[in-house]
Amino acid sequence: MNYGPVPELINICRQAAAEACVLLENRNNLLPLTGSDKVALFGRIALNYYRTGTGSGGNVKVSYETNVLDGLKAYPHIKIDEELLDIYKKWIEKNPFDNGNGMWASEPLHQAEMPVDDSVAARSARTCNKALIFIGRTSGEDKDNLDEPGSYRLTSEEKQMIQTVCKHFEHVGVIYNVSNVMDMSWMTESFTYGHIESALICWQGGQEGGNALADVLVGKVNPSGCLPDTVSKSLSSNPADKNHADPIFDLFEEDIYVGYRYYETFKKDQVLYPFGHGLSYTSFEYSDLRMEDYSYDNLKAKARLTVTNTGAVAGAHVVQLYLSPACGLLGRPSVELMGFTKTKVLAPGEKADVTIDADISLFGAYDDGGITGRKSCYVLEAGEYRVFAGKSARDLYEVTNNGVAAFSFDKLEVLETAHEAMAPVRDFMRLKAKATDDGYEMAYEKVPTSTVDLADRINKAIPVELPKPNRRIHMNEVTDGTATVEEFVGQLTQSQLACLARGEGMSNSKVTPGTAAIFGGVSDELMRLGVPAVCCSDGPSGLNMEKSLKATQLPVATALAATFNSQLIYKLYKYLAKEMRYYKVDILLGPGINIHRHPLCGRNFEYYSEDPFLTGVMACAISKGFTEEGVAGAFKHACANSQEKARHTVDEVVSERALREIYLKAFKMAVKIGKIKSIMTSYNKVNGHYTSSNYDLATVIMRDEWGFDGMVMTDWWSRTNNVELGGEKSFTDFRSMVRSQNDVYMVVNNNAAFTNAKGDNIEESVVDGSLTIAELQRNAVNIIRLASSLPCAEREVVVPSAVTFAPSGEKSKKDIAIKDKECYSISDETVVKNVLNIEIEEKGTYMINIGVSSTDWELAQVLSTLFINETRAGDIQTNGTGGKVRELYIVKAALDEGIYSLRVEHVRPRLDLHYLKLIKVEE
Ligand code: BGC
């Protein structure tokens with residue numbers, strides 16, 4: 001087996017995939033399988049294990065993959081119905097796994113299932129005492145899951161299989177190999193005859209997932225995973241269901257009541273399995289629960305308890321800590337996860353003393369309307385704040401301070417003063433909890449809307465231009481500390497600064513093949529100053545280097561959240577960081593730390609949980625792993641991406657409170673505690689402003705409030721809109737992106753940064769005064785500071801060398817004589833139907849640029865080829881330009897004095913050619 005350049009990573013992946021397994025039910029100890037069992041495996045997923053979801057976050061080229069059968073081979077004492085397996089193998093040969101031809105977003109969300117007839121199940125039941133049924137689902141980018149059979153619901157073929165198996169077997173277990181929570185309410189329906197005794201979610205466990213699942217099924221690893229999401233009885237009970245997937249305005253009417261915050265406060269009876277639930281093959285009891293070690297102001301304390309393994313086998317246990325805050329005027333959910341830890345594996349009878357930090361300062365409520373008298377502050381209203389240790393959000397044991405509530409405040413505590421930012425402009429009503437004598441009731445209130453004049457806010461904070469140093473500064477001087485980043489940036493020209501704001505990709509030849517982008521050293525000029533090309537690769541669950549290089553595939557994020565083991569996740573990403581270093585990848589495009597607002601979001605598998613604290617803790621653990629190895633992650637997608645439907649255009653309409661307490665909280669923790677270095681914004685708008693050009697997000701909240709000093713990048717080919725006014729989408733308004741302090745546009749085509757081949761408005765905005773050099777410099781400082789801290793700063797920066805061509809034609813054939821930087825009109829007539837003979841009068845190195853346009857739309861791929869002296873010299877590659885002329889850099893050529901022939905061949909939907917320009921450059 002090829003375990004890749006960092007073999008330890010594989011073992012950690014296997015451990016993580018095993019610890020991620022959540023045992024939902026286990027009546028009659030159906031699991032673990034033992035030597036006296038013979039087990040029948042039903043469902044093709046036993047052979048076609050889903051190791052990941054689809055899209056950019058799933059695409060890792062692995063050297064091998066595993067399914068549960070591979071895993072079970074290591075446990076020969078477990079007997080399997082081989083005859084049944086042969087039937088499946090033959091059927092799969094005729095009905096192979098459908099990957100949608102490998103096309104983007106085309107893989108189906110489920111696979112066709114083999115019909116199981118009575119004779120097959122009856123024969124199997126005669127020889128086996130247990131049956132395990134495998135149900136698989138995938139999901140991915142650019143496509144939401146659906147409330148339909150084959151996605152959230154079972155297909156009729158699956159139901160038929162389950163019914164037939166349950167008819168013949170009394171002891172049946174279900175294994176969910178899924179990227180997302182799906183409907184599980186069917187398990188008690190009459191067609192199962194009450195025979196489903198066990199249910200386990202193994203999620204999508206990466207390339208070692210099959211082995212890890214086998215470890216759990218046979219009890220080598222005792223399950224300790226817990227649900228990072230509530231499993232409800234019905235999708236329609238989800239408070240976001242009404243608005244999810246609206247293509248235009250997605251109203252977050254449920255406000256902060258997401259997942260268990262909603263169900264545990266208002267709708268306990270709608271829950272099938274609560275957040276945090278997860279059984280073990282053993283049992284655990286708590287004793288001696290107490291709060292201790294209060295620190296200054298009583299805002300921090302430690303919850304302590306003793307956990308005893310009261311069962312017959314060894315196992316580890318997750319202790320969760322929940323805060324039950326005073327409901328106050330603002331209204332708060334009944335419980336909020338405030339801490340967790342996992343014990344070591346405890347032998348039967350063994351005890352563990354557990355301590356969990358209870359840091360209530362992280363749990364202020366954000367007053368976005370001023371009801372407490374402290375608008376735009378994080379507050380704790382007067383009252384009792386009880387703390388519970390729990391085996392789930394439902395199964396709770398109070399941890400008191402000598403018999404009284406863990407925390408209590410007799411007046412309003414102001415934890416943090418912020419600024420109104422990103423507030424909605426659209427009126428809508430939101431849900432609010434109101435305390436009653438016996439619990440909570442649902443109330444509604446008008447969402448506070450924006451009172452900020454954004455243009456004024458931006459204008460008042462335009463930075464001061466950096467002074468020009470009186471010498472040329474090389475980037476090495478920044479890295480070795482002899483010059484500051486500001487001095488380095490102060491020397492850059494307007495066009496160099498504009499270049500820095502443009503990332504290039506994908507598969508850029510300056511870095512590891514198949515990776516997603518570079519930024520930094522995107523032009524010869526910048527490279528001559530020592531700016532390296534920073535290599536960015538997807539992410540998040542392994543390195544995606546397209547078809548070129550193999551890498552290790554980690555379990556998906558939801559699985560990692562289910563481990564509730566941040567130490568393990570830290571270790572996992574530390575070793576992934578070592579693999580990044582091996583492949584010369586500086587930034588992983590991940591992790592994804594958005595919130596699971598609704599089970600049908602296609603990208604939930606790339607995100608952790610419905611809970612922001614769990615997500616934030618995992619983000620900090622990942623950042624620690626990256627930081628120790630010197631690489632970084634682009635923590636994405638900030639923020640509020642909760643649907644893939646219309647992801648480039650939808651406006652997520654969210655209260656400021658929900659943004660801060662739910663959708664931005666993990667980012668805030670990652671910045672303030674995890675000290676992350678880079679953030680990727682999302683595709684969507686939030687309250688009318690695209691996140692890629694959102695000043696309140698990238699400047700006011702992230703930098704001014706949180707103190708973020710890293711770099712912000714857009715998502716790939718993002719839209720922007722006017723930074724001051726919002727409004728219509730644009731593909732070229734990079735001014736708004738720069739002004740918002742979203743530092744780098746990802747991505748323009750390769751070699752397109754220098755000539756501004758996408759035709760963005762950065763430089764024209766400097767000329768018309770709507771953008772200042774100082775703002776470009778401010779972003780450049782963020783970019784250079786990050787680049788100088790990454791492994792790329794240690795790599796030699798090699799300026800690409802010129803391709804040499806010898807003159808070939810006769811002087812008499814000359815059509816034009818070339819002058820540096822002059823434009824010569826060209827057309828199909830001159831360079832496609834005929835050959836253009838140019839004369840180079842001065843020997844040197846020339847950048848050959850061509851002005852083109854295409855009437856195709858912005859994301860269409862257009863391609864032609866330039867030949868010099870009938871030798872292929874370079875591709876003329878662009879997206880559709882909507883008819884506008886764009887200058888493309890084609891090749892850097894070393895040319896002697898003399899005559900050269902130029903010819904263009906059109907390859908893919910045609911370009912209109914406008915001009916040819918040769919620019920003499922330093923070699
Ligand atoms: C995704 C990002 C990803 C990028 C580069 C985009 O489509 O939304 O998450 O990192 O592509 O592949």
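A polar contact is a pair of N or O atoms within 3.5 Å. Keep that cut-off in mind as you look at this predicted model, where a side-chain N or O atom of Asp538 lies 2.3 Å from an oxygen atom of the ligand. Let's start with the ligand and then turn to the nonpolar cores.

**Around the ligand**
- The ligand takes up the space of the largest pocket.
- There are 13 residues around the ligand, and those that come nearest are Glu141, Asp538, Arg603, His637 and Asp715.
- Arg603 has a polar side-chain atom 2.7 Å from a ligand oxygen atom.
- For His637, a polar side-chain atom is likewise found 2.7 Å from an oxygen atom of the ligand.
- How much of the ligand does the protein bury? On its own the ligand exposes 310 Å², and the protein buries 96% of that.

**The nonpolar cores**
- The largest nonpolar core has 205 residues.
- Which members of this core touch the most other members? They are Phe519, Tyr573 and Met713.
- Leaving aside residues up to four places away in sequence, Phe519 touches Gly503, Pro532, Ala533, Val534, Cys536, Ile587, Met711, Met713, Val744, Met746, Ile783 and Leu786.
- Another core, of 80 residues, lies apart from the largest one, and its members include Val68, Met187, Phe191 and Phe605.

How values were computed
Residues are numbered from 1 along each chain as its sequence is written. This is a predicted model: local features need pLDDT of at least 70, side-chain atom pairs count only at pLDDT 80 or more; totals for chains, interfaces and linings use all residues. Side-chain values use heavy atoms; hydrogens and water are left out. A nonpolar core is a set of buried Ala, Val, Leu, Ile, Met, Phe, Trp, Tyr and Cys residues joined through side-chain atoms within 4.5 Å. Buried means under 20% relative accessible area, exposed over 50%, partly exposed in between (1.4 Å probe, protein chains only). Contact means heavy atoms within 4.5 Å. A residue is near a molecule or strand if one of its heavy atoms lies within 4 Å of it. A polar contact is a pair of N or O atoms within 3.5 Å; within protein, one must be able to donate a hydrogen and the other to accept it, and residues adjacent in sequence count only if both atoms are side-chain atoms. Accessible areas come from the Shrake-Rupley method with a 1.4 Å probe; for residues, only the protein chains shown count as cover. On a 1 Å grid over the protein atoms alone, a cavity is a set of points where a 1.4 Å probe fits but cannot get out, and a pocket is an open set with protein on both sides within 12 Å along at least five of seven lines; lining residues have an atom within 4 Å of a point. A molecule sits in a cavity or pocket if more than half of its atoms lie within 2 Å of its grid points.
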